[in-house]
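Please study the sequence and the structure before reading each solution.

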Amino acid sequence: MSGRQHRETEIARRIRARGLAAGRTSAQIADEIHEACTVQFSTSRIKAHRLAHGIALADVIEQVRALFERDSKAMPGIGETLLSAYESGLKRPGPEYLHYLCTVYRVEPGALGYDAPCICGHGHRMPGVVNGDGKDRALNAVPERELVLTPMEPEVDAEEDENILRRTLLRLLNPDTNLAEQLDGPVLGACEGIRRRMDEMLVSATVSAAMLDQWEEATVSFGRQYTTTAPLRLLCDVLLELSAVRTAMSRRQPIDLQERLCRIAAQLSGLSGMILINLGDHRLARSFFRTGRTAADETGDRALRAWITARESLVPLYFGDAREALTLAKKSRDMAGATPCPAQAMAPVVEARALAMMSGGESKKEIVDQAKRALARARNAFSHMRPEDKEDLAFGYTEKQLYFYQGDVLTKLGETIEAEVILDRALLKYEDHILDQTLIRFDQAQCKLIDGDVKEALSIGTKALELVGDEYLTDLIVRPAVQLEKNIMAVDANHPLLPAYQAALHRRRKQSLLKGGDG
């Protein structure tokens, strides 16, 4: 228990003791606790009732479970984390849970801070202490004051944005859904709305340690799903979690929790930017990376700030501004300093890729040497990273990423013999990530084309496009595919295998998921 929670509990304990000595009911004591603690600790009415009873979260959960058992119902999924979210105002209990919480505390929903009537249709108040003349003291008790303010009033715009993303998730679960229509104006508007409100609310808030643990676990889980879940589906999940974090940050918080909340916000914003790169919306990706930088700056963590900047450098790298990518990569490397972290390995690789792009395919010795020195720095930094960071594709940097990007650099430099060896290794390691598999195959096709084997280049390119599903045929994939098409046509525009490649490439161009992209 934090010092803040301890002080809140101590104050509530004293109020409860005095109230019991004076013969007050638990409901009256709860009112006094709420009035005394709400300004300093943002104590909600539902939490005040638990404190008035002098019980812990676990005690309430056991009582609710006992009531479910009494009513011959399956054991509920309610736990301490969920109840803590109710008490923090981050979530609202559903009708059934609200009924049983009212039963536990012997009050009506209004006393717990909820306006809606209970689903049971009858009262929950129980007789109070009986005095000496046999009269029920509760009958003469002072009527409960009406609730004036409820904690965490819902924001109409925020709820609508979340509902848009939830509806999109439901449509994505339908196998007959036309994925081409999903990343439309309302969805993009919801993404931007959540990001903007996070920018506005990068201040302090009150949230339980249990909820923070849950958000941190969810963030790690989203990082694992980054390689296996369709981009738009994952984006909806990530942004709904980011919206919940923003809600928590809209209220005052103790110093010891501020850094953790900002770290979660930075990671979720950065992950959103990464997904939007995969979806091809570079403008919105840059906006989320800026939000991530704002949150990361609040933590003072150099490694986190360097990771955000390194990830942001991929936007200009993929969308045509190699010089800006080089600048951001160097900035990330400077931020990381001597601290062993993922950005120390990632930033030099981006530098090498930017240098290779700036060479324009000309294997000038000076550029080749610079790029290879950058790759050597990356391999050295990778060897000093923590083992757990070497296994994390989203928030760390893995060996297969190092192979992939090293092969990409060598391909762009025209070092085809070495590039093919590295790309073969990378492809074997990317069995679970179709996007990177496809990009690796395009690099392999480019190597064959550089070596003059147009037939093999077309064969590899066509296979790459046939393996990728429609939901992954985004601008990130279309750009290198179109570039390969242009390069092949410059060599042999009448090759008999070219029509098959073009048919695979253009099958979804008119219905691209990236209506706002440049492709």
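**Exercise 1.** At what angle do the axes of helix α17 (residues 365–383) and α18 cross, and within what distance do they come? Determine the relative direction of the two helices.

*Solution.* The model under study is a predicted one.
Step 1. The axes of α17 and α18 cross at roughly 175° and come within 11 Å.
Step 2. Angles over 145 degrees count as roughly antiparallel; α17 and α18 are therefore roughly antiparallel to each other.
Step 3. On the α17 side, the contact is made by A371, K372, L375, A378, R379 and F382, and on the α18 side by E399, L402, Q406, V409 and L410.
Step 4. Sorted by class, the residues of this contact of α17 with α18 are 7 nonpolar, 1 polar and 3 charged.

**Exercise 2.** Describe how helix α13 (residues 302–312) packs with helix α15 (residues 322–336).

*Solution.* 
Step 1. The packing angle of α13 and α15 is about 170°, and their axes are 8 Å apart.
Step 2. This angle makes α13 roughly antiparallel to α15.
Step 3. Among the contact residues are R302, R305 and E312 of α13, together with K331 and D334 of α15.
Step 4. The contact of α13 with α15 has 5 nonpolar, 2 polar and 5 charged residues.

**Exercise 3.** How many cavities of 30 Å³ or more does a search of the whole structure find, and which residues lie nearest the centre of the largest cavity?

*Solution.* 
Step 1. The search finds 3 such cavities.
Step 2. The largest cavity has a volume of about 170 Å³.
Step 3. Its lining comprises 16 residues, with Y226, N278, R311, Y318 and Y405 nearest the centre.
Step 4. At least two lining residues each come from α11, α14, α18 and α20.
Step 5. The lining of the largest cavity divides into 11 nonpolar, 3 polar and 2 charged residues.

Methods: Residues numbered from 1 in each chain as written. Predicted model: local features only at pLDDT ≥ 70, side-chain atom pairs only at ≥ 80, totals over all residues. Heavy atoms only, no water. Axes fitted to C-alpha atoms, helices over the stretch in contact; angles between N-to-C directions. Helix = DSSP H or I, 4+ residues; strand = E, 2+ residues; numbered from the N terminus. Parallel < 35°, antiparallel > 145°, perpendicular 65-115°, else oblique. Contact = heavy atoms within 4.5 Å. Nonpolar A, V, L, I, M, F, W, Y, C, P; charged D, E, K, R; others polar. 1 Å grid on protein atoms, 1.4 Å probe; cavity = no way out; pocket = protein on both sides within 12 Å on 5 of 7 lines; lining within 4 Å. Points joined across faces, edges and corners; volume = space filled by probe spheres on them.
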